[in-house]
Amino acid sequence: LSSVEVSCLGLFNGDAMYDGKVWVSDGTWLEGAFEDGILIKGKARTIDKYGTVYTGEIKNGFPHGKGECLYKNGTMFKGNFANGNRMDGVHYASDGKVIKVYEN
């Protein structure tokens, strides 16, 4: 296992940060309001176990609002998310061509 470094800058109540930014050496970051270590409202760049990179708005720890996902196969979805699910937006192929348009 490789180690990661984490840096935090923000407002704390004891050891718990409730507002600020967290940077991780793997390139991820979280910024906004935190509760019990979870980003409850803000923006982030995260990488999941499948290599998907999400950059955008977060609510209660999940993509919620405007954002984009870059998938390991090179495709990308740009649009709106609700509680971690893709909603309306456009899914692009790795060459930039539109694969599908999602509308609500």
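Student: Which residues make up the largest nonpolar core?

Tutor: The model is a predicted one. Membership of a core requires burial, that is, under 20% relative accessible area, and side-chain atoms within 4.5 Å. Ten residues in all form the largest nonpolar core: Met 17, Val 22, Phe 34, Leu 39, Ala 44, Tyr 54, Ile 58, Cys 69, Phe 77 and Phe 81.

Student: Which elements give two or more residues to this core?

Tutor: The core includes Met 17 and Val 22, as well as Phe 77 and Phe 81. The elements that contribute two or more residues are strand E2 (16–24), strand E4 (38–47), strand E5 (53–59) and strand E7 (76–82).

Student: With which residues is Ala 44 in contact, leaving aside its neighbours within four places in sequence?

Tutor: Ala 44 belongs to the largest nonpolar core. A contact here requires heavy atoms within 4.5 Å. With neighbours within four places in sequence left aside, the contacts of Ala 44 are Trp 29, Leu 30, Leu 39, Tyr 54, Thr 55, Gly 56 and Ile 58.

Student: In the hairpin of E2 and E3, which residue takes a positive phi?

Tutor: E2 pairs with strand E3 (residues 29–35) in the antiparallel sense, over five bridges, and Lys 21 stands opposite Glu 31 in E3. Four residues lie between the strands of this hairpin, and the one with a positive phi, near 100°, is Gly 27.

Student: What is the bridge partner of Ala 33 in E4?

Tutor: E3 and E4 are antiparallel and share seven bridges. Their hairpin has two residues between the strands, with Asp 36 at a positive phi near 55°. Across this pairing, the E4 partner of Ala 33 is Lys 41.

Student: How many residues lie between E8 and E9 in their hairpin?

Tutor: Strand E8 (residues 85–92) and strand E9 (residues 98–102) pair in the antiparallel sense over four bridges, and His 91 has Lys 100 in E9 as its bridge partner. In the turn, Gly 96 has a positive phi of about 95°, and the number of residues between the two strands is five.

Student: Which residues are the closest to the centre of the largest pocket?

Tutor: The largest pocket holds about 230 Å³ of space. Its lining comprises 15 residues, of which the closest to the centre are Thr 46, Ile 58, Gly 61, Phe 62 and Pro 63.

Student: Which elements give two or more residues to the lining of the largest pocket?

Tutor: By class, that lining has ten nonpolar, four polar and one charged residues. The elements supplying two or more of the lining residues are E4, E5 and strand E6 (62–70).

Technical notes:
Residues numbered from 1 in each chain as written. Predicted model: local features only at pLDDT ≥ 70, side-chain atom pairs only at ≥ 80, totals over all residues. Heavy atoms only, no water. Buried < 20%, exposed > 50% of the residue type's maximum accessible area, 1.4 Å probe, protein only. Pairing = 2+ DSSP bridges. 1 Å grid on protein atoms, 1.4 Å probe; cavity = no way out; pocket = protein on both sides within 12 Å on 5 of 7 lines; lining within 4 Å. Points joined across faces, edges and corners; volume = space filled by probe spheres on them. Nonpolar A, V, L, I, M, F, W, Y, C, P; charged D, E, K, R; others polar.
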